[in-house]
Amino acid sequence: MTFATHPERQFMQYLRGAGWIKGRTLPRSVRTVKSLLQKGWIEKQHQGPKNEVFFRLTEKGLEAKKSPVPIQEQSRPVEGEEMSAPRPRWTPEEDDLIRSMGTAGSAAAIAALLKRIAPGVRKRAQFLKINLARSQPGPKPKWK
């Protein structure tokens, strides 16, 4: 059985009432409309003096819309396989190093010493209410 994707269900929700709905009153989602037409869940009709496009939900589409959404299981580690390690906690020694180097060293320099990433050091310093040194004054490197 083919299940409706979330965008398809959203589009079919606009067509839930009986009858034909003007295409210009619906959201512009060409890919979704094409998919629904191919599956036979909606019908398309041209009518009126301006040859306007109208859509309506078919019986097949109504069933697809009402069908339950399959729930995907979360990936679990295979037996013997380990999950990714949680982030290491900050130790008091690392906090002391941030405090001592805070005003003199940049986050990148401290991160290199602690073998951590600079944004993590900045965040920890902010948590500890420590103002880190800014980058050295001078010309900035040109990035391409």
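How many salt bridges does a search of the whole structure find? Six, counting a side-chain nitrogen of Lys or Arg within 4 Å of a carboxyl oxygen of Asp or Glu. Some notes on three of them and their surroundings follow.

1. Ground rules. This is a predicted model, where local features need pLDDT of at least 70, side-chain atom pairs count only at pLDDT 80 or more, and totals for chains, interfaces and linings use all residues. Residues are numbered from 1 along each chain as its sequence is written, and side-chain values use heavy atoms, with hydrogens and water left out.

2. The sheet. Three strands make an open, antiparallel sheet in the order β1-β3-β2 (strands are DSSP runs of E, at least two residues, and helices are runs of H or I, at least four, all numbered from the N terminus; two strands pair if DSSP finds at least two bridges between them). The edges are β1 (21-22) and β2 (42-47), each pairing on one side only. Two bridges join β1 to β3, with I21 opposite F55.

3. The hairpin. Six bridges join β2 to β3 (residues 52-57), and Q47 has E52 as its bridge partner. Four residues sit between the two strands, and G48 in the turn has a positive phi of about 90 degrees.

4. Pairs with a longer reach. E8 and K39 form a salt bridge at 2.9 Å between the closest N and O atoms; E8 lies in helix α1 and K39 in helix α2, so the pair ties together parts 31 residues apart in sequence. E8 is buried at 4% relative accessible area, while K39 is partly exposed at 25% (buried is under 20%, exposed over 50%, partly exposed in between, with a 1.4 Å probe and protein chains only). R24 and E52 also meet in a salt bridge, 2.8 Å from N to O. R24 is in the loop between β1 and α2 and E52 in strand β3, so this pair ties together parts 28 residues apart in sequence. R24 counts as exposed at 63%, and E52 as partly exposed at 23%.

5. The core. The largest nonpolar core has 12 residues, among them F11, L26, W41 and F55 (a core is a set of buried Ala, Val, Leu, Ile, Met, Phe, Trp, Tyr and Cys residues joined through side-chain atoms within 4.5 Å). Helices α1 (6-14) and α2 and strand β3 each give two or more residues to this core. A second, separate core of 10 residues includes A111, L114, A118 and A125.
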